[in-house]
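Dear colleague,

Please find below the structure that I am handing over to you. My notes on it follow directly after.

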Amino acid sequence: MKYLIILFSAFLLVACKKDKETVSANATADSSNIAKDSATASIPSGKIQIENISFPEEIKECSCYFARNKADFEAEKYIYADDAGKTAYMKLDGKRLAMNLISSSDMEVDEELTKEIENNDYKISVKGKKIKGEEALLFEGTLTIEKPDGSVITTPIYGECGC
């Protein structure tokens, strides 16, 4: 598991550098336009952009992390991670977010996973069913994100929860 996290972290560092290059390419534009554009992007755009994240350094022990599908999961292209209790991490609409978990089900009881996360800009619901259980529990399900303007996106997820 540690090797997987190290490999994933290295991959994300490379991925993060690409994001920084993109940002620096935009830095030549007028700064007032950048501020104006980013403000409009977070207001009713009708779409919610979900981006890959690196495995959060804040997570030290038990966690849940999901990708869009099994292939992305194996390539460590995660879109969601949480510390199995308090904080969830995602990158939405170009912003890395750390959000408080409102509720999380006990996966051992019914082999189903549910999580509710909410902040001022997003309401996120994770629902999954256990497909395999060993050291870590593998899940398949859906992740639904809602914005106050009524925008909703649902994406399939594949991932694991464990210590």
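Thr87 stands opposite Asn100 in strand 5. The two strands concerned, strand 4 (residues 87-92) and strand 5 (residues 95-104), pair in the antiparallel sense over 6 bridges. Strands here are DSSP runs of E of at least two residues, numbered from the N terminus, and two strands pair if DSSP finds at least two bridges between them. The hairpin of strand 4 and strand 5 has 2 residues between the strands, and Asp93 in this hairpin takes a positive phi near 50 degrees. Strand 5 also pairs in the antiparallel sense with strand 6 (residues 112-118), over 3 bridges; there Ser103 stands opposite Glu116.

Please note that this is a predicted model, in which local features need pLDDT of at least 70 and side-chain atom pairs count only at pLDDT 80 or more, while totals for chains, interfaces and linings use all residues. Residues are numbered from 1 along each chain as its sequence is written, and side-chain values use heavy atoms, with hydrogens and water left out.

Glu116 is also a partner of Ser125: a polar contact of 3.2 Å joins their side chains. A polar contact is a pair of N or O atoms within 3.5 Å, where within protein one must be able to donate a hydrogen and the other to accept it, and residues adjacent in sequence count only if both atoms are side-chain atoms. Ser125 is found in strand 7 (residues 123-133). Ser125 counts as buried because its relative accessibility is 15%, and buried means under 20% relative accessible area (1.4 Å probe, protein chains only). Leaving aside neighbours within four places in sequence, Ser125 is in contact (heavy atoms within 4.5 Å) with Lys115, Glu116, Thr142, Leu143 and Thr144.

Finally, a word on confidence. The mean pLDDT (the predictor's confidence in each residue, from 0 to 100) is 78, and 67% of the residues reach 70 or more. Over residues 16-45 pLDDT stays under 50, and the model has 12 contacts beyond four places in sequence for them.

With kind regards

Technical notes. Helices (H or I, at least four residues) and strands (E, at least two) are DSSP runs, numbered from the N terminus. Buried means under 20% relative accessible area, exposed over 50%, partly exposed in between (1.4 Å probe, protein chains only).
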